[in-house]
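Hi,

Here is the structure I promised to pass along.

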Amino acid sequence: MTSLTQPLTLRGTRLRNRIMISPMCTYSGGPDGIATDWHLAHYGRLAMGGAGLVMLEATSIHPLGRHCYSDLGLWDNAQIAPLARITALIRSQGAVPAIQLQHAGRKGSARRPWHGGGALDATDLAARSEAPWQTIGPSPIPYAPDAPTPKEITATDRIMLLDHYRAATRRAVTAGFQMIEVHAAHGYLLNQFLSPIANQRRDAYGGSIENRMRFPLEVIDAVRSEMPEGHALSVRISAVDAVDGGWTLADSVTFCTALKEHGVDIIDVSSGGIGGAATMNRLARTPGFQVPFAEEIRRETGLPTIAVGLILTAAQAQAVVSADKADIIAIGRAALQNPNWPAMALTELTGSYDHWPAPTNWWLEKRADILRDYEASTRQHHD
C-alpha cells in the first residue's frame with residue numbers, strides 16, 4: 001500500500017515523500033519580474049514545512065505573457081540569480097525545487113486580485129503606471145465580456161513563443177530547478193488552444209482535437225529539448241472546462257496519452273478556468289472534487305498524476321495515494337494557512353517527528369514527551 005511518506009522518483013528526480021506545495025500566484029514581483037526577498041522567505045518557509053516538492057508560482061516566459069504586472073518572470077538572464085537563491089534554500093531543506101512556466105494569452109493584461117481583478121484600463125495607468133497591453137490568443141475571442149479582444153496568433157508568433165519557452169526553460173535549469181511544469185490549465189494560453197471555447201481557428205491548429213493539441217505539444221517538445229535527461233517534466237491541465245461545448249475528461253485522456261509520448265513524466269490535474277458562458281456553474285467544490293479526474297487519467301494513460309483541490313486532512317490525502325488514485329498530493333491554500341501542513345500530516349500518520357527540520361523536531365519530540373507524561377499523570381490522578 002502506497003503511503004504519503006514513501007519516496008517517489010520521476011525520471012531522475014527523487015522526492016522524499018508524496019506531498020507537493022502547489023503553485024500559487026502571489027502577485028508580489030516587481031515590473032521586472034524579478035523574485036524578491038519576500039519570495040525567498042515565502043518559499044523557504046514552505047520548504048521547511050516538510051513537503052517533498054515545492055513548486056513556485058506561474059512564472060511568465062515573456063513580459064506580454066504575464067497575467068498581471070506582478071508575475072514572476074524568466075524572460076531575462078537577470079531573473080536567474082534571485083531564483084537560484086530560492087532553489088538553493090529549498091534543496092537545503094530536503095525538498096525538490098520546481099517551477100511552473102506560463103503564458104497568459106487572452107487572460108493577460110489583468111489587475112491583481114486585490115485591485116479588483118478584471119482588465120487593466122486607464123485608471124490603472126493613472127494609479128500605478130500600469131498600462132494595458134495587447135493580448136494574444138488562438139482566436140480573437142475575449143475571455144469575458146469586459147476583457148480585451150486578443151490578437152490571433154500567427155505562424156510567426158508561434159515560432160517566437162516556442163523560442164520563449166526554450167529560453168525560459170534554459171534559465172529555469174540554470175537557476176537550479178529540478179522539475180519544470182508547463183501550465184496548460186485554468187484558461188491560460190495552452191488551455192486556450194486546447195479548448196473549443198477559445199480556439200475556433202480554421203487552420204492546422206484548430207478544429208479537431210488533434211489540431212488543437214498541436215501547439216501545446218510543440219511547446220512540450222520545446223521545453224523537453226532544453227531539459228537535462230534526469231529532470232522531471234510535468235504538465236498542469238484543466239481536466240474539464242465545465243462549460244457547455246468545452247473540453248472534456250475524455251479529451252484530457254487523449255491529450256495526456258500524447259503527452260506521455262512526448263516525454264512528460266507526470267500530470268498535474270486541475271479543472272476549469274476557460275471562461276465562456278458557464279451553464280454548469282463550474283464544478284461543485286467539495287473535498288477532493290478533482291481526485292476522480294486524476295484517477296481516471298492515471299488509469300487510462302499509465303502516467304503518474306498529481307491530485308489537487310480541497311484535500312484537507314492527512315487521512316484524506318493518505319486514502320488517495322493508498323488507493324492508487326494519484327501519486328502526489330498537492331496542497332495549496334492549506335499550506336498558506338499552515339506552512340507546516342506536510343510535516344504535521346506525516347507526523348499524524350507515523351507518530352514520528354522525523355519529517356520536521358532537525359532544529360525543530362528535537363523540541364517537538366521533547367514537547368510530545370512532556371504532554372504524554374502530563375496525560376499519564378492526569379489519568380492516574382482520576383483513577
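**Charged pairs**

E130 and R112 join their side chains in a salt bridge, with N and O 2.8 Å apart. By salt bridge I mean a side-chain nitrogen of Lys or Arg within 4 Å of a carboxyl oxygen of Asp or Glu. Before going further, a word on the source: this is a predicted model, in which local features need pLDDT of at least 70 and side-chain atom pairs count only at pLDDT 80 or more, while totals for chains, interfaces and linings use all residues. Residues are numbered from 1 along each chain as its sequence is written, and side-chain values use heavy atoms, with hydrogens and water left out.

Back to that pair. Helices (H or I, at least four residues) and strands (E, at least two) are DSSP runs, numbered from the N terminus. E130 is buried at 8% relative accessibility, and R112 is buried too, at 12%. Here buried means under 20% relative accessible area, exposed over 50%, and partly exposed in between (1.4 Å probe, protein chains only).

A second salt bridge links D121 to R111, whose closest N and O atoms are 3.0 Å apart. Both D121 and R111 lie in the loop between β6 and α3 (122-128), so this pair ties together parts that are 10 residues apart in sequence. D121 is partly exposed, with 30% relative accessibility, whereas R111 is buried at 17%.

Elsewhere, E295 forms a salt bridge with R299, with 3.8 Å between the closest N and O atoms. The two residues are both in helix α8 (residues 291-301), 4 residues apart, about one turn of the helix. E295 is partly exposed, its relative accessible area being 25%. The structure holds 20 salt bridges.

How many of the 8 residues of strand β4 are buried? The count is 8 of 8 for this strand (residues 53-60), so β4 is largely enclosed by the rest of the structure. Strands are taken to pair if DSSP finds at least two bridges between them. β4 runs parallel to strand β6 (residues 96-102), joined by 7 bridges, and M55 has A98 of β6 as its bridge partner. With strand β3 (residues 19-21), β4 pairs in the parallel sense over 2 bridges; there M20 is partnered by L53 of β4. Strand β5 (residues 72-73) is also parallel to β4, through 2 bridges, and S60 stands opposite G73 of β5.

D71 is in the loop between β4 and β5. D71 is buried but has no salt bridge, and R66, the nearest side chain of opposite charge, is 6.2 Å away. A polar atom of the D71 side chain lies 2.7 Å from the backbone nitrogen of H67. Leaving out residues up to four places away in sequence, D71 touches Y27, G30, G33, S60, R66 and Q102, where contact means heavy atoms within 4.5 Å.

**Strand β12 and the cores**

Strand β12 (residues 305-308) is covered on both faces: T305 and A307 are buried on one side, and I306 and V308 on the other. β12 pairs in the parallel sense with strand β11 (residues 266-270) over 3 bridges, with D268 opposite I306. Strand β13 (residues 328-331) likewise pairs with β12 in the parallel sense over 3 bridges, and V308 stands opposite A330.

A nonpolar core is a set of buried Ala, Val, Leu, Ile, Met, Phe, Trp, Tyr and Cys residues joined through side-chain atoms within 4.5 Å. The largest has 81 residues, of which L83, I99, F215, L259, I267 and I329 touch the most other members. Helix α6 (residues 209-225) gives the most to this core, with 8 residues. Another core lies apart from it, with 15 residues, including L53, A98, I266 and I328.

Best wishes

Definitions and conventions:
Lys and Arg count as positive and Asp and Glu as negative; His and the chain ends are not counted. A polar contact is a pair of N or O atoms within 3.5 Å; within protein, one must be able to donate a hydrogen and the other to accept it, and residues adjacent in sequence count only if both atoms are side-chain atoms.
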